[in-house]
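Trainee: I would like to learn how to read a model like this one. Could we go through it feature by feature?

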Amino acid sequence: MSVPHDADGAHAHDRRTVLSGVLFGAGIAASIIDLFVFHLGLQWHHFYDLSTTQVALAADGVFHAVGWFVTVWGLFLLADVRRRTEVSWSRWVGAVVVGVGGFQLLDGVLNHKILGIHQIRFGVDLLVYDVVWIGTAVVALAVGLVVLRRARPARAGAAGTA
């Protein structure tokens with residue numbers, strides 16, 4: 001069975017809305033939560049802490065640029081969706097929260113634990129920091145996924161088909 005063109009277009013707009021939110025959320029998590037708060041404000045770590053301070057600061061600069069690129073990319077996708085159709089703001093907000101949680105989880109597990117390129121802090125017992133960092137990431141990811149699921153658009157042609 002083929003999908004009607006307008007339903008296909010609505011599905012594509014929904015995917016772009018969700019991608020926009022995920023990119024925006026991941027960019028905000030990287031550029032504001034992680035970089036501004038932990039790298040610059042608290043100065044607890046850098047993106048790459050396995051070398052000199054100069055290398056760490058250069059890595060932070062690249063991380064900062066990529067984070068803002070992802071944030072702006074998400075906003076451009078959102079503008080494109082808004083130009084084409086009505087935005088499902090509940091879907092977008094859910095996707096933003098998924099992006100924040102997904103980034104924090106990836107950072108906490110991959111960068112902190114598997115690769116070990118930096119930790120949340122140095123010279124302290126990491127267990128509490130890791131539990132809070134990874135735990136809040138999992139909670140944000142779960143909340144975002146619940147919001148996305150509840151705000152999911154009805155499937156066209158789902159009722160009355162066998």
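Mentor: Residues are numbered from 1 along each chain as its sequence is written, and side-chain values use heavy atoms, with hydrogens and water left out.

Trainee: What is the mean pLDDT of the protein chain?

Mentor: pLDDT is the predictor's confidence in each residue, from 0 to 100. The mean here is 88, and 90% of the residues reach 70 or more.

Trainee: Where does pLDDT stay under 50?

Mentor: Over residues 1-5. For that stretch the model has two contacts beyond four places in sequence; a contact means heavy atoms within 4.5 Å. Where pLDDT is low, the predicted coordinates should not be read in detail.

Trainee: How many helices and strands are in the protein chain?

Mentor: Helices (H or I, at least four residues) and strands (E, at least two) are DSSP runs, numbered from the N terminus. The protein chain has four helices and zero strands. Read from the N terminus, the order is α-α-α-α. The C-alpha trace spans about 60 × 30 × 25 Å along its principal axes.

Trainee: Which share of contacts joins residues at least 24 apart?

Mentor: Take contacts between residues at least 6 apart in sequence: 76% of them join residues at least 24 apart. One pair of residues shows such a separation in sequence. Alanine 12 and valine 81 are 69 residues apart in sequence, yet their C-alpha atoms are 9.5 Å apart in space. Alanine 12 sits in helix H1 (residues 5-41).

Trainee: What percentage of the 162 residues is buried?

Mentor: Buried means under 20% relative accessible area, exposed over 50%, and partly exposed in between (1.4 Å probe, protein chains only). Buried residues make up 36% of the 162. Alanine 12, at 24%, is partly exposed.

Trainee: How many aromatic pairs does the structure hold?

Mentor: Rings of Phe, Tyr and Trp (its six-membered ring) pair if their centres lie within 6.5 Å; planes under 30 degrees apart count as stacked, over 60 as edge-to-face and the rest as tilted. The structure holds nine such pairs. In one, the ring centres of phenylalanine 38 and tryptophan 44 are 5.6 Å apart and the planes meet at 50°, so the pair is tilted. Phenylalanine 38 is buried at 15%, whereas tryptophan 44 is partly exposed at 23%.

Trainee: Why is the pair of tryptophan 89 and tryptophan 92 edge-to-face?

Mentor: Their planes stand at 85°, with the centres 5.8 Å apart, so the pair is edge-to-face. Both residues lie in helix H3 (residues 89-114), three residues apart, about one turn of the helix. Tryptophan 89 is partly exposed at 40%; tryptophan 92 is buried at 10%.

Trainee: Which residues do ring pairs link into a cluster?

Mentor: Phe38, Trp44, Tyr129 and Trp133.

Trainee: Where does glutamine 43 lie?

Mentor: In the loop between H1 and helix H2 (53-84). Is glutamine 43 buried or exposed? Glutamine 43 is exposed, with a relative accessible area of 61%.

How values were computed: Predicted model: local features only at pLDDT ≥ 70, side-chain atom pairs only at ≥ 80, totals over all residues.
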